[in-house]
Amino acid sequence: MSKDDTLVNNQIRFEQVRCVSEDGEQLGVMSSKEAQNLANEQGLDLVCISPNATPPVCKIVEFGKYRYQLEKKRKEAKKKQKQVEVKEIKLSTQIAQNDINYKVRHAREFFEEGKHVKFRVYLRGREIQNPGQAFEILKKVCAMVEDLAHADKEAKVEGKYASILMLPNKKA
């Protein structure tokens, strides 16, 4: 098999295949040997483009060109994907109000840029057994940014951190 697991020429061992010419014309259902002979006469390759169909669909095409076009489509689809960036803002249970305001101002900038923000409150010592203070800080922060963002899930404790993921609101 080739790198991308595409069946080519003698690797195609189906009894019957639906054959398609290079320009997309249907050649009908035939044995894979007949399709292979047709491809050889034209100096091209027989490529199985849909092995799960009944009968499997094979196309008479130059394999290098076919692989190049597949890769081109894959790259184009990857370009259109949107990468989600998650910014992390660390807080502590002993944080002062002006420090919270400062960090919330940064979070608001991130939300305006369309980024996700994860607020994490570091729990030290005995705070791990009683994370109530951390949840209060997270609630306060959520209230300060609720006009721009909403919580993905409830705040939860993850190891030594209490955290919440905030997503920007959809723009109308």
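**Reading the cores and helix α4**

Student: Which residues does L91 touch, beyond its neighbours up to four places away in sequence?

Tutor: Touching is contact: heavy atoms within 4.5 Å. L91 touches K103, F119, R120, V121, Y122, I137 and V141. This is a predicted model, where local features need pLDDT of at least 70 and side-chain atom pairs pLDDT 80 or more, while totals for chains, interfaces and linings use all residues. Residues are numbered from 1 along each chain as its sequence is written, and side-chain values use heavy atoms, without hydrogens or water.

Student: Which residues of the largest nonpolar core touch the most other members?

Tutor: A nonpolar core is a set of buried Ala, Val, Leu, Ile, Met, Phe, Trp, Tyr and Cys residues joined through side-chain atoms within 4.5 Å. Here the largest core has 22 residues. L91, F119 and M166 touch the most other members.

Student: Which elements each supply at least two residues of this core?

Tutor: Helices (H or I, at least four residues) and strands (E, at least two) are DSSP runs, numbered from the N terminus. At least two core residues come from each of β5 (86–92), α3 (97–112), β6 (116–122), α4 (132–145) and β9 (161–168). α4 gives the most, with 6 residues.

Student: Which residues of α4 are buried?

Tutor: Buried means under 20% relative accessible area, exposed over 50%, partly exposed in between (1.4 Å probe, protein chains only). In α4, the buried residues are A134, I137, L138, V141, C142 and V145. They fall within an arc of 140 degrees seen down the helix axis, so they line one face of α4. The arc is that of the directions from the axis to the C-beta atoms.

Student: What covers the buried residues of α4?

Tutor: The cover includes β5, α3, β6, β7 (149–151) and β9.

Student: How many helices and strands does the chain have?

Tutor: The chain has 4 helices and 9 strands. Along the sequence, they follow the pattern β-β-α-β-β-α-β-α-β-α-β-β-β.

Student: What span does the C-alpha trace have along its principal axes?

Tutor: The trace spans about 80 × 35 × 25 Å. Of the 172 residues in the chain, 33% count as buried.

Student: How much of the contact in the chain joins residues 24 or more positions apart?

Tutor: Take the contacts with a separation of 6 or more. Residues 24 or more positions apart account for 56% of them.
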